[in-house]
Protein chains: 2
Amino acid sequence: MLTRLSSLFVRTLRDDPADAEIPSHRWLVRAGYIRRAAPGIYSWLPLGLKVLQKVEMVVREEMDAIGAQEVRFPALLPREPYEATGRWTEYGETLFRLQDRKGADMLLGPTHEEMFTLMVKDLYSSYKDLPLSLYQIQTKYRDEARPRAGLLRGREFVMKDSYSFDVDDAGLEASYQAHRVAYQRIFERLGLEYVIVSAMAGAMGGSRSEEFLAVADNGEDTFVRSPGGYAANVEAVRVAAPASPQLADAPAMSVVETPDAGTIAAVVEILNRDLPGRDWTGADTLKNILFMVTAPDGTKRPLAVGLPGDREVDVKRLAAALEPGVADVFGPEDFARYPQLVVGYISPVSLDGTRVLGKDSVTGIEYLVDPRVVTGTHWATGANEKDRHLVGVTAGRDFEPDGILDVAEVREGDPAPDGSGPLSLARGIEMGHIFQLGRKYAESLGLKVLDSNGKLVTVTMGSYGVGVSRAVAAVAEATCDDRGLRWPLALAPFQVQVVATGKDAALFDEAARIGGELSGRGLDVLLDDRKASPGVKFADAEIMGMPLIVVVGRGLADGVVELRDRRTGDKREVPVGDIVDEVLRQAR
Amino acid sequence: MLTRLSSLFVRTLRDDPADAEIPSHRWLVRAGYIRRAAPGIYSWLPLGLKVLQKVEMVVREEMDAIGAQEVRFPALLPREPYEATGRWTEYGETLFRLQDRKGADMLLGPTHEEMFTLMVKDLYSSYKDLPLSLYQIQTKYRDEARPRAGLLRGREFVMKDSYSFDVDDAGLEASYQAHRVAYQRIFERLGLEYVIVSAMAGAMGGSRSEEFLAVADNGEDTFVRSPGGYAANVEAVRVAAPASPQLADAPAMSVVETPDAGTIAAVVEILNRDLPGRDWTGADTLKNILFMVTAPDGTKRPLAVGLPGDREVDVKRLAAALEPGVADVFGPEDFARYPQLVVGYISPVSLDGTRVLGKDSVTGIEYLVDPRVVTGTHWATGANEKDRHLVGVTAGRDFEPDGILDVAEVREGDPAPDGSGPLSLARGIEMGHIFQLGRKYAESLGLKVLDSNGKLVTVTMGSYGVGVSRAVAAVAEATCDDRGLRWPLALAPFQVQVVATGKDAALFDEAARIGGELSGRGLDVLLDDRKASPGVKFADAEIMGMPLIVVVGRGLADGVVELRDRRTGDKREVPVGDIVDEVLRQAR
């Protein structure tokens with residue numbers, strides 16, 4: 001196919017769009033691939049749509065290859081199935097809700113577990129019908145609080161979602177592995193450097209899950225890796241609990257005067273001055289933070305979190321752990337309701353032994369602690385009095401947490417939970433997510449089949465997603481440079497851009513001839529036949545990012561054209577008689 | 001591609017779905033092509049999706065062939081552009097509206113004139129950039145009052161919409177003609193019997209427009225045709241006005257007593273009895289009907305319509321003529337406000353010459369009349385008094401209409417407005433619609449370009465739609481019989497269904513071999529490898545409707561298989577060695 005740039009619906013922009021935060025967003029807009037229609041909502045221009053369709057095709061082929069069957073569900077959905085699973089409420093403000101003319105509640109599908117489950121329930125009834133994997137490539141809607149980075153976090157986006165249905169756990173594991181392999185093939189074909197990390201299941205419910213992250217400095221996700229092969233989204237890291245010291249070895253609780261010690265560092269300084277003989281650090285202190293957690297239905301409950309004083313709460317780990325609830329730190333009006341809590345000096349216990357945090361304490365506030373706060377560990381912490389701290393406050397003796405909440409920041413060099421060495425941190429873009437949902441949805445919606453003994457059993461499910469429109473941005477992000485886009489051959493809208501430079505009609509004729517011949521040999525060719533200066537044309541070719549560029553210009557008089565590789569920056573002269581074969585060779 | 005029916009996600013249904021009104025709806029559901037998710041909203045199962053994708057490909061190829069460029073706009077759109085053109089309000093309840101988490105008004109796109117206009121305004125600025133045609137194949141949303149007939153009138157549906165942009169009227173005409181030709185090719189390739197009829201532009205605005213209707217008894221649209229080539233949607237028929245008689249020839253107005261004459265027929269009977277000498281018919285009477293018209297913004301205005309008493313108002317013609325307003329006949333509470341109007345005896349004029357209907361009359365009610373009510377025609381009509389009628393009531397002398405409203409029913413045998421002979425009526429399904437929008441949207445949204453003289457001119461536009469998901473139903477409707485679907489080769493999910501009947505494993509092996517060979521030769525093959533009775537398999541093959549069916553059964557012992565043509569019902573035995581070539585020959 002040969003397309004003339006003079007008639008292609010595209011304009012490159014000289015300036016960055018005001019809202020562009022990252023390079024892929026900037027270049028996709030400037031190169032005329034996409035345009036913003038509303039916050040987090042984009043229109044696809046011809047160049048962008050071609051890339052999107054190529055990604056769709058890669059995904060479709062690999063899903064077909066594992067025997068998944070393509071279907072297509074509506075985006076506009078009735079409330080009832082989502083009500084049955086609780087997600088109508090749990091999704092909170094992220095769900096686009098609307099009413100039809102008759103007042104019926106509807107939603108724009110953020111993901112389709114309910115619909116697929118009901119469809120399989122409608123059609124199938126026996127273990128003989130399973131295993132089954134269904135997928136769709138479809139437009140999804142999520143009313144993100146902060147749409148950002150162009151296609152990376154949009155409110156309308158294209159996703160491949162698939163669902164597996166099995167009669168038992170072994171079947172689910174096999175379906176999950178098949179998807180895992182398909183995803184590896186997909187991301188390899190897209191040319192993305194990616195990692196597979198353990199993940200939280202989040203609002204999906206379910207148990208085992210992994211994410212496919214494209215490694216990218218501008219990614220929203222942080223993940224950890226160890227030399228021994230541990231890899232997890234930072235939200236999914238589970239810190240290993242240390243061995244419990246003997247309770248009997250714990251020192252008695254005692255008071256330290258800490259006037260004006262407004263920071264952990266100030267407290268540590270006083271401890272080292274007044275209680276010498278050991279090297280006090282922030283890691284010896286217990287920091288207690290109060291949150292108000294709002295459930296999707298609007299109900300609120302207080303929550304205290306205790307963690308070593310040298311670590312902050314990681315807000316994304318906290319958000320993931322409490323999902324679908326949302327946590328805000330206590331404000332003055334919250335503290336006003338709990339006079340037992342002295343801001344800056346909060347402790348689970350007072351010097352007289354009164355329990356202050358915990359469901360059974362005087363406040364009744366649930367108290368969850370970092371995994372490092374095991375029974376027998378003792379801590380310096382507040383005294384529930386101004387200007388005083390306690391030391392020797394011992395877990396399991398002086399206070400009893402209600403449970404564990406693993407939301408402290410993970411740091412470079414922390415030990416991997418599986419003992420596989422120190423962790424390193426990096427950032428990535430979530431490209432795929434595979435979940436073992438288990439029976440949650442099948443139970444809520446009554447999807448059962450007869451097993452080989454004629455007994456009704458609940459089906460076990462998996463749920464698998466690929467961000468299709470997001471992949472366009474992720475590949476752009478991974479490949480662009482400071483002059484524009486640089487597509488891999490597999491995804492480029494056109495494999496070759498033929499640029500005629502100069503004013504001589506013969507140059508344009510020759511460029512058209514070469515373009516036509518390449519097109520005739522099966523390549524997608526963009527012919528820059530515009531009456532514009534070479535500078536404009538070269539700059540546009542670099543912004544638009546076709547991998548191969550043929551320049552037909554002054555050298556034609558000497559029988560040569562220039563072949564440029566946008567990906568490597570290589571340029572070389574090629575005899576005009578050889579150019580078609582040379583391009584074909586490089587485009588394979 | 002070879003697909004085994006034993007693992008295909010499909011179940012045929014023995015019974016008709018309760019809501020199925022027409023055969024295509026019944027069979028698409030029963031054959032496992034689609035399932036209802038909500039009123040007017042359908043999920044596509046694998047078989048249905050394959051047909052949909054084939055229709056999409058036909059449409060895409062023909063749009064590409066006329067140089068239209070594919071883009072893709074969001075379905076979730078901001079309010080502002082639709083506000084600027086007035087359609088936010090004009091669409092009334094048909095528009096799905098919603099608010100995002102920040103309270104911003106949004107809508108689900110019913111059609112995208114505004115977005116395309118703004119995009120071209122964003123990118124282009126010169127006449128040199130035009131002509132331009134852009135298209136998308138995309139999911140659209142309309143909250144229909146009465147979704148019906150499965151895919152024929154849905155609330156979420158797939159449409160190809162395209163838009164042309166030209167600098168002058170000649171350019172628009174050329175773009176319009178190009179689309180017209182593309183649409184002819186599309187509907188020919190889909191195998192539809194269709195007519196091109198003049199149409200109303202409706203809520204789109206604009207002037208010239210034509211519809212492509214698939215001829216179908218179950219179609220929602222009524223159209224007329226004449227032997228001389230006139231063709232129009234019944235809503236678009238414009239009745240020719242007769243020549244005006246001389247006013248001087250009109251008889252004087254006089255009263256007739258018409259006690260208990262509650263119908264036109266009763267009045268006519270009295271006229272023939274009391275005023276003999278001519279043959280009075282309903283066509284000599286003037287019927288006046290009062291409507292309350294509600295604009296999309298909720299404001300109401302009364303409207304009187306006068307038409308020959310032998311014709312009813314055609315509600316669809318009326319709705320089309322008043323769109324985006326909606327007309328309801330006067331209720332008692334409406335009449336109560338106009339004591340001058342005596343129900344059953346309404347006239348534009350009273351015996352004393354008082355004008356009762358018309359903007360300048362005592363009621364001030366706008367009065368529009370049928371085109372046949374020309375100046376000089378005289379009528380029998382009410383007397384604005386109970387039990388009395390007037391005769392000799394003459395247009396242009398005794399009353400003055402405010403204008404013409406052409407909404408009377410069109411009848412079989414009525415003369416074509418262009419004199420091309422008597423009209424015949426038929427029904428059809430609207431498959432395509434082409435509009436010359438003109439400058440309405442470009443003016444509202446400020447789309448101007450510099451012309452060749454450097455002067456800013458407003459761009460003129462066309463808008464063109466094809467119902468893509470509707471085409472699936474229209475083809476099914478045109479081709480199905482009383483045993484199921486019967487797809488043409490070009491759209492069938494699989495060209496061939498190979499059915500193994502019997503219990504012998506060798507039959508299944510041979511069926512698989514034949515299927516594999518056909519698949520290897522490039523056909524899409526569905527292999528019925530289920531352990532089911534021949535009766536079940538044959539019935540399913542007929543319901544599912546693949547055009548060619550190969551039955552591998554008892555005859556195999558004699559070296560023959562059966563080749564059935566689902567479209568014609570033909571069956572014949574073919575030597576097993578010839579079957580692959582024979583199927584290939586028929587599938588071309």
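Asp122(A) and Arg35(B) form a salt bridge, with 3.1 Å between the closest N and O atoms. The model is predicted, and this pair belongs to a set of 10 salt bridges counted between chain A and chain B. Polar contacts also link the two chains: 26 residue pairs are counted between chain A and chain B, with both residues at pLDDT 80 or more. On the side of chain A that touches chain B, helix H2 (residues 46-65) of chain A gives the largest share, 6 residues. By type, the residues on that side of chain A are 32 nonpolar, 17 charged and 5 polar.

The extent of the contact can be described in residues and in area. Chain A contributes 54 residues, and chain B contributes 54 residues. Between them, chain A and chain B bury about 4700 Å², of which 57% lies on carbon and sulfur atoms. Three residues, Phe9(A), Arg72(A) and Arg101(A), supply 18% of the area that chain A buries against chain B, more than any other three residues.

Strand S29 (residues 560-565) of chain A pairs with strand S30 (residues 571-575) of chain A in the antiparallel sense, over 5 bridges. Within this pairing, Glu562(A) has Glu573(A), in S30(A), as its bridge partner. The two strands form a hairpin with 5 residues between S29(A) and S30(A), and in this hairpin Gly569(A) takes a positive phi near 85 degrees. In a regular strand, side chains alternate between the two faces of the sheet.

Methods: Residues are numbered from 1 along each chain as its sequence is written. Chains are lettered from A and ligands numbered from 1 in the order in which they are written. This is a predicted model: local features need pLDDT of at least 70, side-chain atom pairs count only at pLDDT 80 or more; totals for chains, interfaces and linings use all residues. Side-chain values use heavy atoms; hydrogens and water are left out. Contact means heavy atoms within 4.5 Å. Buried area is the accessible area (1.4 Å probe) that two parts lose on being put together, summed over both. A salt bridge is a side-chain nitrogen of Lys or Arg within 4 Å of a carboxyl oxygen of Asp or Glu. A polar contact is a pair of N or O atoms within 3.5 Å; within protein, one must be able to donate a hydrogen and the other to accept it, and residues adjacent in sequence count only if both atoms are side-chain atoms. Helices (H or I, at least four residues) and strands (E, at least two) are DSSP runs, numbered from the N terminus. Ala, Val, Leu, Ile, Met, Phe, Trp, Tyr, Cys and Pro count as nonpolar, Asp, Glu, Lys and Arg as charged, and the others, Gly among them, as polar. Two strands pair if DSSP finds at least two bridges between them.
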